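Subject: Structure handover

Hello,

Here is the structure I promised to pass on. Please open it beside this email, and read the notes below as you look.

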Amino acid sequence: MLFENIRVKKINAIIHYRATMKKWTAKNRADHILGIILDGSTFHDFGYKQFVLSRNCIYFFNQRDNYEAIKQESGLSFSIHFTTYEDIDTDSFCIPISNPNEIVTLLNKTKQAKESNNELSALSFLYMTLDKYKNIYDKAYSRIDPRISNAKTYIDQNFNKPDCLENAVNATNLTARRFGEIFRNTYEKTPNKYIVKCKIERAKELLLTHNFSINDIAEICGFSDVYYFSKTFKKETGISPSRFSASEKNQVKNIVTN
């Protein structure tokens, strides 16, 4: 069954959730999960794909998919957990959106109806939400130039190499200018800014392990020197790499202590 043909069997839970654990694994879940990230960020590894859920990202987690998650920045998610009469063929996905208000409003209406034991209204609002997700999904995936999606995949895997962008552009047979225009229109970031985002997200993962020095992380992520890495990291996150690492370490210590 495709995503647009979902027949909901039951809404089991509608929750606001703020992750307290640093890492967790979700296996053999009974429910599909539909939600939005309100703030913070978490890295998710599904084995066949990886993505970072961050502020204003909508997401769908197919019940069949197991995943491992690593919290990067403490945040809040709003999600609906539900079952369906048939399996869903659509893979788990994560899509950033520019205006979350309509989605959040629908989730709130679903939650209010559920809490009032008005199951019919709750299902109605959930179907409206599913329709919005389908439209966003179709726009994000169905119309992407395959040359650009392939280039993005290459960048995702090689962002730390100095010739990453050059190789990605060359593989499309587009001019650098045209490539940049299509990439920006598709992913709402220039290729250079997207590469910086990939580097910073990878740096956060490494900082969370506390097994690498700042110098090591700068080199692993493809920064020319540690000064440029620290400057870029602070520009993108608002804090230095060392403060980010110390902050996460303190959060884990507090969780263990409490």
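How many positive and negative side chains does the protein chain have, and how far apart do the centres of the two sets lie? There are 37 positive and 29 negative side chains, with the two centres 5 Å apart. Lys and Arg count as positive, Asp and Glu as negative; His and the chain ends are not counted. Each charge is placed at NZ of Lys, CZ of Arg, CG of Asp or CD of Glu.

Some ground rules. This is a predicted model, in which local features need pLDDT of at least 70 and side-chain atom pairs count only at pLDDT 80 or more, while totals for chains, interfaces and linings use all residues. Residues are numbered from 1 along each chain as its sequence is written, and side-chain values use heavy atoms, with hydrogens and water left out.

The overall fold

The protein chain holds nine helices and seven strands. Both are DSSP runs numbered from the N terminus: helices are H or I with at least four residues, strands are E with at least two. The C-alpha atoms fill a box of roughly 60 × 55 × 30 Å along the principal axes.

Of the contacts with a separation of 6 or more, 72% are between residues 24 or more positions apart. Contact means heavy atoms within 4.5 Å.

Surface and burial

Buried residues make up 42% of the 258. Buried means under 20% relative accessible area, exposed over 50%, and partly exposed in between (1.4 Å probe, protein chains only). The accessible surface comes to about 14200 Å². Carbon and sulfur atoms hold 47% of that surface. Areas come from the Shrake-Rupley method with a 1.4 Å probe; for residues, only the protein chains shown count as cover.

Start with N117. It sits in the loop between helix 1 (101-115) and helix 2 (119-141). N117 has a positive phi of about 60 degrees, although it is not a glycine. N117 counts as exposed because its relative accessibility is 66%.

Next comes N173, in the loop between helix 4 (164-172) and helix 5 (176-187). N173 also has a positive phi of about 60 degrees without being a glycine. With a relative accessible area of 71%, N173 is exposed.

N158 lies in helix 3 (residues 146-158). N158 is buried, because its relative accessibility is 9%.

Best wishes
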